[in-house]
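These are my notes from one sitting with a single model.

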Amino acid sequence: MRRHRPAIVEAAGDGWFEPCHPAPLGSTPSALWRVLEARQSMINVWSKMDYHARCVTARVLGRQITLVNSPDGVKHVMATNHRNFERKSPQMRRALEKLLGDGLFISDGETWKQRRPLVSDIVHKNRVPTFGRTFEEATVEMVARWKRKPAGEAFPMQKEMAELTAEIISRAVFGNTLGSVAAHDVIEGFSRYQDRVDTVNFGYFLGADEGLPIFQGFRIRRAVARVQGIIDKVINDHLEGHGQDNSMVDLLVKRQQKSPGLKLDVSALRNEAATIFMAGHETTAAVLTWVWYLLANAPWVETALHAQIADVCGDRMPTVADVPKLDWCRAVVEETMRLYPPVPFLSRQVAEADVVGGVPVDKASLVIVSPWLLHRSPDLWAEPNRFMPERFLGEQRPTPYSYIPFAAGPRICPGLAFGLTEATLCLAILAQTFKVRVAPGHVVEPANRLTLRPKGNLPVVIESRA
Ligand code: HEM
């Protein structure tokens with residue numbers, strides 16, 4: 001069963017860059033080894049063959065797991081027959097249930113059906129311009145903080161980007177009333193939870209279709225209690241009529257007051273607020289962190305991006321109204337999500353036996369759709385491991401169901417427009433003033449737990465462009 005971890009590959013040449021990724025394994029490992037190794041990082045367990053666009057299946061202790069890696073298979077699971085694959089895997093549900101309860105991310109059936117339009121409405125693309133001011137304000141505050149940093153001092157970019165996107169989502173979800181200490185506690189609580197929670201549920205492989213409850217140590221329970229306490233206070237304040245601030249919590253509370261039939265009690269409101277907070281900050285932070293690593297290693301892309309920011313904005317700061325014209329910034333973000341999709345694996349539990357991509361799948365078995373593998377398939381992409389944002393410029397679009405950083409079908413990320421606009425604008429504002437370089441001597445390596453992040457938080461140094 002012993003097997004070495006794959007080597008991490010990174011290569012560059014004149015005008016091209018192949019950013020870090022695990023070398024595909026030479027032979028196909030056992031499914032059990034993969035499940036055990038996946039606890040460390042799920043991107044490390046794939047062989048060359050797995051990167052090809054096809055559907056394959058294997059068994060772990062009698063439990064069937066099917067990898068769905070062709071656009072047709074993805075379409076079947078996420079769109080055409082999505083009802084049969086609506087349920088998240090027991091590992092995902094069990095890992096997140098203590099924090100998110102029946103929040104949208106892990107709910108299904110009637111709860112999901114009732115809440116999905118509610119959540120979609122409050123994060124809808126039509127509302128993104130109203131959040132634009134928040135994106136701008138939080139990023140400008142970060143510019144001011146970075147300007148005060150001593151020249152040449154290294155700092156962890158992942159933490160900076162997490163702080164930025166958490167600040168943004170915190171203001172969008174809770175309004176400006178949370179206060180910086182409580183906001184910081186919520187951010188810390190989510191981060192602790194993610195670092196400690198186990199994402200592999202052995203109970204499921206040993207026969208429990210629903211998986212088994214995960215043991216929660218004292219620290220996890222304390223983090224959850226603190227986060228929930230803070231959110232409950234914000235909700236109760238809104239229920240009592242304080243905080244008419246058009247925030248997402250405000251809108252949720254108003255919906256409930258207008259339609260009591262929705263039966264959104266404090267715990268349901270809390271679960272949805274916590275879900276949006278979690279789903280909406282960690283993902284965007286991961287994308288922005290990878291963006292800086294990629295730009296630092298592809299100066300020709302950085303030059304094109306700087307030129308476009310100057311062209312569109314001159315000396316004034318980019319605003320949300322500029323985003324449609326900043327197509328290099330958007331293309332860099334899209335290409336970053338191709339190479340490093342923040343949610344690299346989407347797993348579902350099969351409701352009824354079915355056939356996917358020619359493979360029969362059992363009832364209650366697991367189906368894994370993987371943006372990580374799909375986005376790097378040589379059958380679907382030219383030079384799949386190279387950083388080439390120009391793929392996303394102009395009218396060109398990837399083959400349908402081959403590019404799914406936000407998932408696809410009815411469960412597609414409702415925050416797509418929010419996240420894409422936010423990442424594009426934050427990048428434009430920061431890149432107008434700073435260049436970012438990976439700290440000398442640091443070797444970048446990707447690791448995947450709930451999201452895909454660089455190990456060690458990506459230490460960087462910044463240079464002022466002025
Ligand atoms: C670049 C940023 C983002 C990426 C890459 C991303 C990606 C995803 C993906 C892949 C899923 C589906 C997961 C699955 O089916 O297992 C998802 C779901 C979700 N996302 Fe995002 N997301 C991003 C930003 C956001 C933002 C900003 C918000 C809210 C403001 C948000 C809210 C949600 C919610 C509520 C769900 C659950 C939807 C459902 O199950 O019906 N996301 N996201």
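**Pockets**

I began with the lining of the largest pocket: helix H5 (128-147), helix H6 (157-174), helix H7 (180-196), helix H11 (266-297), strand S12 (446-448) and strand S13 (452-454) each give at least two residues to it. The model is a predicted one, and I read everything below with that in mind.

I then looked up the volume of the largest pocket, which is about 860 Å³. Its lining has 40 residues, and Gln158, Lys159, Ser191, Arg453 and Asn457 are the closest to the pocket centre. I sorted the lining by class and got 16 charged, 13 polar and 11 nonpolar residues.

The second largest pocket came next, with a volume of about 700 Å³. It is lined by 35 residues, and those closest to its centre are Ala38, Met42, Trp46, Ile65 and Ile368. Helix H1 (31-38), S3, S4, helix H3 (90-100) and S10 are the elements that supply two or more residues of this lining. By class I noted 22 nonpolar, eight polar and five charged residues in the lining of the second largest pocket.

**Sheet**

S3, S4 and S10 had come up in the second pocket, and I followed them into the sheet. Five strands make an open sheet with mixed pairing, in the order S3-S4-S10-S7-S5. I asked why one side of strand S3 and of strand S5 is left without a neighbour in the sheet. S3 (55-60) and S5 (87-88) are at the edges and have a single partner strand each, so one side of each has no neighbour there.

I went through the pairs one at a time. Strand S4 (residues 63-68) runs parallel to strand S10 (residues 366-369), with four bridges between them. Val68 has Val369 in S10 as its bridge partner. S10 also pairs with S7, in the antiparallel sense and again over four bridges. In that pair Arg348 is opposite Val367 of S10. S5 and S7 are antiparallel and joined by two bridges, and Arg87 is opposite Gln349 in S7.

I checked which way the side chains of strand S7 (residues 346-349) point. Leu346 and Arg348 point one way, Ser347 and Gln349 the other way, and all are buried. In a regular strand, side chains alternate between the two faces of the sheet.

**Iron and cysteines**

Which protein atom is the donor of the iron atom of the ligand? The only one is SG of Cys413, at 2.3 Å. I placed Cys413 in the loop between helix H14 (371-374) and helix H15 (416-433). Cys413 is partly exposed, because its relative accessibility is 29% and buried would need under 20%.

I looked at another cysteine, Cys55, which is buried at a relative accessible area of 13%. I searched the whole structure for disulfides and found zero.

My last entry concerns Val143 in helix H5. Val143 is buried, with a relative accessibility of 11%. H5 had already been listed among the elements that supply at least two residues of the lining of the largest pocket.

Technical notes
Residues numbered from 1 in each chain as written. Predicted model: local features only at pLDDT ≥ 70, side-chain atom pairs only at ≥ 80, totals over all residues. Heavy atoms only, no water. Pairing = 2+ DSSP bridges. Disulfide = S-S within 2.5 Å. Buried < 20%, exposed > 50% of the residue type's maximum accessible area, 1.4 Å probe, protein only. 1 Å grid on protein atoms, 1.4 Å probe; cavity = no way out; pocket = protein on both sides within 12 Å on 5 of 7 lines; lining within 4 Å. Points joined across faces, edges and corners; volume = space filled by probe spheres on them. Nonpolar A, V, L, I, M, F, W, Y, C, P; charged D, E, K, R; others polar. Donors = N, O, S within 2.8 Å, 3.2 Å for Na, K, Ca; no water.
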